[in-house]
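Okay, everyone, let me put this one up on the screen.

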Amino acid sequence: MKEVIISADGDSVVYSVPDVVADNLRKYCIEFCDKWMKTSPHARKYKIKGVYCFNEADFIEYLNEYVFPDQESTFVRNLGWTDLGKDIPDEYKDLPYFNF
């Protein structure tokens with residue numbers, strides 16, 4: 001498991017995720033919001049008045065339920081507002097980052 005930082009235009013949150021997700025974070029995030037959201041019946045709960053509304057915790061739920069149920073992704077730390085990744089604390093600067 002490796003750590004990544006994910007945000008949804010709010011706080012930046014560190015999660016521990018499977019190595020393959022950390023190594024390909026952008027790919028997995030885009031698959032979630034572009035492919036899975038538009039094709040999976042399980043994504044209906046995120047569609048409100050024709051628009052998809054979700055955050056980083058929803059992405060983690062998706063990983064845990066549908067992609068890697070045997071490798072649970074977990075919350076590590078909320079870094080607070082980091083100006084969309086511009087103000088990441090030094091100890092986390094080298095982690096993969098994605099903002100939804």
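So, what counts as a pair here: rings of Phe, Tyr and Trp (its six-membered ring) pair if their centres lie within 6.5 Å, and planes under 30 degrees apart are called stacked, over 60 edge-to-face, and the rest tilted. Keep in mind this is a predicted model, where local features need pLDDT of at least 70, side-chain atom pairs count only at pLDDT 80 or more, and totals for chains, interfaces and linings use all residues. Residues are numbered from 1 along each chain as its sequence is written, and side-chain values use heavy atoms, with hydrogens and water left out.

Searching the whole structure turns up 15 aromatic pairs. Take Phe-32 and Tyr-62: the ring centres are 4.9 Å apart and the planes sit at 45 degrees, so we call that pair tilted. Phe-32 is in helix 2 (residues 25-39) and Tyr-62 in helix 3 (residues 56-67), 30 residues apart, so this pair links distant parts of the chain. Helices here are DSSP runs of H or I, at least four residues, and strands are E runs of at least two, numbered from the N terminus.

Both Phe-32 and Tyr-62 are buried, meaning under 20% relative accessible area with a 1.4 Å probe, protein chains only. They also belong to one aromatic cluster, along with Trp-36, Tyr-46, Phe-54, Phe-59, Tyr-66, Phe-98 and Phe-100.

Zooming out, the protein chain has three helices and six strands, in the order β-β-α-α-β-β-α-β-β. Buried residues make up 39% of its 100 residues.

Key: Buried means under 20% relative accessible area, exposed over 50%, partly exposed in between (1.4 Å probe, protein chains only).
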